[in-house]
Amino acid sequence: MRVKLLGPIQVEDADGTAVAVAGTKQRAVLAILALNAARPVPVETLVDAVWGSESALDARNTLQHQVSRLRKALGREAVTSQGPTYVLNISPEDVDAVRFERLATEGRAELRLGDIRAASAVLRRAEQLWRGPALEEFDRDWARADAVRLEQLRLDVLEDRVDADLRLGHHREVVGELESSVREHPYRERLWAHLMVALYRCGRQADALAAFQQARALLAEELGIEPGPELRELEAAVLRHDPELNWSPVDGSPALATPVVQGRLPIPLTSFVGRETQLTQVRRAVGEHRLVTLTGAAGSGKTRLAIEAASALRDDFADGAWMVELEPLADAAAVPQAIASALAGGTAGRLSASADEGPASAGAGLLEYLRPRQLLLVVDNCEHLLSSVTEWAQLVLSACPRLHLLATSREPLGIVGEIHWLVPPLTVPAADVDDPATLAATESVRLFEDRARRVSAFELTADNTATVADLCRHLDGLPLAIELAAARTKALPVTYIATELSNRFTLLVSPGRTSLARHHSLRATIDWSYDLLDERERTLFDLLSVFEGGCSIEAAMALARVGGIDPAGTLDLLSLLVDKSLVVPQGAGQLSGRYDMLETVRFYGREQLQVAGLLTEARRAHRNYFVALAEDAEAGLMSKDYRTWQIRLESEFGNLQAAHQSAISSGAFEDSLRIAGALWWFWSGSDRHTVGREWIDAALRGSTGHVRPSLRARALTVVCYLAGQQFDLENAVAAGEQALALTTESMDAWSTAWSKQSIGLTLEVAGDHQRATVLLAEARAVMDAKGDHWYVAANDLVTCVRALRTGDLDELDKASHEVLSRAALIGYEPFRCWAYLLCSRVAELRGDVATARAEAERAVLTARHTQLNHYVAFALVQLGRTALLDGDQAAAEGACREAIMAAEAGGAGWFAALARVGLAGALRSKVDHQGAASLLHEVVAWGERATTGGRQFFFLALGGDPRVLAAEALENLTR
């Protein structure tokens with residue numbers, strides 16, 4: 001992990017991927033811990049620095065919350081507590097501010113020891129760490145003090161580095177920098193002295209003396225003082241042409257008697273926005289490796305990143321950095337000649353002559369010229385001449401040992417030793433973020449704002465930021481697409497642009513005359529990539545555009561059959577499309593076996609399918625695949641592999657939704673009901689009860705009776721279950737009665753049993769216990785006879801809830817152990833966890849605290865195996881409850897604090913609220929009434945804006961409603 005404080009605060013993981021840290025307070029805590037990397041920081045120091053005069057207790061509780069959020073973002077072990085302190089477990093070298101101070105000290109030491117080259121290199125590295133003002137976003141005393149200290153040290157480093165550059169004879173190069181620096185920092189006499197020396201060595205004695213007079217006048221007018229003795233002595237030395245002012249080589253360095261062209265790179269007309277992390281990584285890669293190829297989707301900004309990286313590296317290569325643009329070339333044989341021509345623009349006659357004599361002569365002359373030189377060559381847009389560029393690159397890299405190549409291409413060159421660097425789109429706002437400041441700080445939004453302000457009076461405001469963020473999200477963060485959209489703000493409101501993105505290929509067109517033709521429209525830039533595909537590659541590319549949210553290899557193979565592509569061919573073609581930056585592997589390390597397309601690329605592919613007349617057939621094949629997947633998942637979610645299936649359905653949710661919508665729009669209502677009905681346990685486990693009901697309602701409304709009665713009955717059974725869990729009891733009972741009537745008429749015993757179980761559960765909640773008991777018993781008998789252990793266990797859980805309500809501990813004990821037995825038979829850990837929780841409650845109610853605590857510990861262990869955060873949180877609350885009954889206050893408090901973290905990590909607000917109620921009880925037991933009250937007020941405030949989701953149905957029966965519990969506890973505290 002790396003933390004960057006010298007500019008807008010940034011956090012990166014070990015791979016250089018940005019880690020989001022939201023909220024000023026949270027970022028402030030991180031910044032203070034980072035400045036003290038690996039050293040403990042007292043809680044009091046953090047509280048005083050970040051919260052100042054706020055209530056100490058409130059601030060401490062808020063600090064704990066912010067640290068919890070930091071751990072969620074950075075990893076649990078990133079921030080640890082040591083007594084009354086917190087520690088950021090990070091190497092000081094991974095904090096740019098700390099590293100900067102180390103490099104500043106090291107550079108100054110090298111300068112004093114006389115190793116001027118080392119000093120210059122070290123100090124330059126220190127300067128390159130800065131991306132903007134340090135700690136600027138924090139308007140607090142601690143930040144201002146550190147910011148001033150770091151800025152002063154930055155100026156010291158600038159002065160030391162310029163001193164080293166002057167000793168190395170780089171006086172011509174530093175004049176412009178020094179003129180800018182003295183304007184920005186006019187009271188730094190050492191900068192004025194450096195400027196005078198640089199001007200004098202450039203043969204500009206009069207300008208050197210004028211600089212002295214300018215400094216003298218400014219100091220007198222602004223500060224009422226004369227320049228110091230060093231500056232006055234320097235003026236006298238300039239007047240007498242003191243030989244000591246002349247530059248002499250250091251360690252035998254050759255004098256730079258005449259200017260030398262140090263490369264030729266395009267000078268961009270627009271600012272470079274974002275990509276600070278990528279720029280650093282590319283620079284490092286180019287410095288360490290001789291061939292780096294930047295690949296990426298059309299319009300992702302490969303060329304601009306290459307230019308910026310080469311510009312930053314220019315001084316690291318004795319013969320500079322050069323760029324050749326290959327896009328205009330149609331003849332592969334002309335590659336060496338084009339490169340020779342680009343280099344000839346800054347070199348003497350021999351290479352220029354060879355560039356005019358034809359390809360063969362140009363190639364030979366080029367090798368002869370490059371062999372002794374140390375330079376960086378940027379070769380842009382290689383994809384349409386890939387074979388020729390690859391052949392040439394292999395030849396020149398083997399013959400020219402000091403040459404480094406930075407290529408841009410939509411696919412790698414494929415040379416041994418090549419570093420393939422995928423250029424990602426700009427970061428886009430997360431869909432669940434609505435804070436305008438956070439949205440505005442995202443790279444894609446920053447780029448849109450910058451480019452829009454160049455063509456119009458556009459201003460980013462609290463009213464339009466969310467619209468811009470949504471636009472950037474739908475444009476995949478592609479710089480070209482965002483720039484084309486921003487250009488449209490000259491004539492169109494941003495709200496209109498955002499709503500018309502379904503016509504993006506018509507809308508996003510620029511009338512520009514100077515840039516490359518394919519940069520004038522979004523369609524043209526994708527056309528360029530598409531035209532380079534062969535027929536089979538185009539067919540698979542088009543078919544893959546039907547997927548939403550990516551696809552597995554298996555799903556890709558199923559769709560490929562529509563285009564007559566066999567499974568083995570699909571794998572090969574997928575790899576080629578990935579290499580050509582049209583398909584993107586999903587997942588960490590790209591090992592998930594899933595593939596996706598950017599939304600813009602997907603739109604393009606669907607257009608091609610429509611033109612080819614294959615869109616309807618492709619959507620039908622897609623729907624068939626996901627109907628089958630949903631039906632396989634129903635059984636999978638009730639097996640020991642439930643977690644695998646749950647994760648798979650989450651990853652395929654976009655496709656399931658697309659299949660459902662396709663079924664509705666094409667009138668295939670039975671397919672829609674099959675998908676929605678089969679996912680009933682997924683709807684429940686993921687708290688998507690409303691979504692499930694909406695899908696089923698849409699299919700039932702559209703079908704107008706034209707579906708099989710058995711399928712309608714199944715759908716209504718699911719509606720009964722989902723509505724009942726949401727406490728929409730009237731609609732739940734109505735749907736259940738319809739389902740029961742249909743299944744009874746069908747004479748299907750199992751379907752009838754399931755309908756009875758679903759309506760029985762609902763009636764139990766509705767208070768009709770007598771009928772519920774009869775229906776559940778009838779359902780259980782059928783299910784038990786068929787050996788459906790999962791459904792029998794689910795039935796017995798309802799029995800447990802009833803026994804808990806009535807206080808029948810013997811029945812509760814019996815049913816709990818029956819659930820445990822059935823769960824063991826099928827390896828279903830969520831039911832095992834529930835059984836242990838119920839056994840714990842039985843022991844607790846019988847006064848057997850030791851057994852209650854032991855059963856709760858088993859529940860926690862099992863919950864951890866489920867990898868379901870809300871289960872872990874609930875089990876920990878029960879453990880905390882039993883620990884408190886056992887007199888172990890510290891264990892109770894620890895369990896409840898961990899429960900809060902687990903619930904918040906899983907976005908489970910209800911469970912976090914219940915855990916806070918539990919923690920309040922633990923604090924009250926040690927007479928921390930103020931801390932307890934603070935937690936309970938948090939729960940009350942949460943309860944005013946929250947609703948109880950269906951996922952809490954059984955948990956509510958066992959744990960109680962945290963809103964009610966909090967209100968009661970507050971009332972008891974005030975007595």
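Author: A charge sits over a ring if NZ of Lys or CZ of Arg is within 6 Å of the ring centre and within 35 degrees of the ring normal. This is a predicted model, in which local features need pLDDT of at least 70, side-chain atom pairs count only at pLDDT 80 or more, and totals for chains, interfaces and linings use all residues. Residues are numbered from 1 along each chain as its sequence is written, and side-chain values use heavy atoms, with hydrogens and water left out.

Reader: Over which ring does the charged end of arginine 688 sit?

Author: That ring belongs to phenylalanine 653, and the charged end of arginine 688 is 4.4 Å from its centre.

Reader: How is a pair of aromatic rings described?

Author: By the distance of the centres and the angle of the planes. Rings of Phe, Tyr and Trp (its six-membered ring) pair if their centres lie within 6.5 Å; planes under 30 degrees apart count as stacked, over 60 as edge-to-face and the rest as tilted. The structure holds 33 aromatic pairs. One of them joins tryptophan 790 to tyrosine 791, edge-to-face, at 5.1 Å centre to centre with 75 degrees between the planes.

Reader: Is tryptophan 790 buried or exposed?

Author: Buried (under 20% relative accessible area; exposed is over 50%, partly exposed in between, with a 1.4 Å probe and protein chains only). Tryptophan 790 has 5% relative accessibility, and tyrosine 791 is buried at 8%.

Reader: Which parts does the pair of tyrosine 871 and phenylalanine 955 tie together?

Author: The pair is edge-to-face, 5.3 Å centre to centre, with 90 degrees between the planes. Tyrosine 871 lies in helix α42 (residues 869-885) and phenylalanine 955 in helix α46 (residues 953-959), so the pair ties together parts 84 residues apart in sequence. Helices (H or I, at least four residues) are DSSP runs, numbered from the N terminus.

Terms used:
Helices (H or I, at least four residues) and strands (E, at least two) are DSSP runs, numbered from the N terminus.
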